[in-house]
Amino acid sequence: MIMILYWSLPLILFILGLFCFVSNRKHLLSMLLNLEFIVLMLFFMLFIYLNMLNYESYFSMMFLTFSVCEGALGLSILVSMIRTHGNDYFQSFSIM
């Protein structure tokens, strides 16, 4: 019963983060914030899983390192898009 309580909150928050990511596609910044929320919930689930198995937390530190790199890459794309187009709307961004 206790395991269900440990897994239910991050799973519900992960699903809500995915729903917000899919439904909100207007601004790049809001999509990046939703992606960071999803990554944090994945980290929380990984942390719970590793603690249940009594493993070390080295893999979770590697996961955090890659998530920081993903966040920095997203922010650099946001800055370059604002510099070239003036805003972060996806409707004003054209590939052609």
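The model is predicted: local features need pLDDT of at least 70, side-chain atom pairs count only at pLDDT 80 or more, and totals for chains, interfaces and linings use all residues. Residues are numbered from 1 along each chain as its sequence is written, and side-chain values use heavy atoms, without hydrogens or water.

**Confidence.** Helices here are DSSP runs of H or I, at least four residues, numbered from the N terminus; strands are runs of E, at least two.

**Helix pairs.** Axes are lines fitted to C-alpha atoms over the stretch in contact, with angles from 0 to 180 degrees between N-to-C directions.

| Pair | Angle | Axis distance |
|---|---|---|
| H1 (residues 2–23) and H2 (residues 28–52) | about 160° | 9 Å |
| H2 and H3 (residues 58–85) | roughly 180° | within 11 Å |

H1 and H2 are therefore roughly antiparallel (angle over 145 degrees). Contact means heavy atoms within 4.5 Å. H1 contributes residues including Trp7, Phe14 and Phe21, and H2 residues including Leu35, Met41 and Tyr49. This contact holds 21 nonpolar residues, two polar and no charged. Nonpolar means Ala, Val, Leu, Ile, Met, Phe, Trp, Tyr, Cys and Pro; charged means Asp, Glu, Lys and Arg; the others, Gly among them, are polar.

H2 and H3 are therefore roughly antiparallel too. Glu36 and Leu46 are among the H2 residues that meet H3, whose side includes Ser67, Glu70 and Gly74. The H2–H3 contact divides into 16 nonpolar, four polar and two charged residues.

**Annotation.** An unreviewed UniProt entry lists residues 6–24, 31–52 and 58–82 as "transmembrane region". Such annotations may be inferred rather than shown by experiment. Residues 6–24 are 95% helix, with end C-alpha atoms 28 Å apart. Residues 58–82 are 100% helix, with end C-alpha atoms 37 Å apart.

Notes
Angles under 35 degrees count as roughly parallel, over 145 as roughly antiparallel, 65 to 115 as roughly perpendicular and the rest as oblique.
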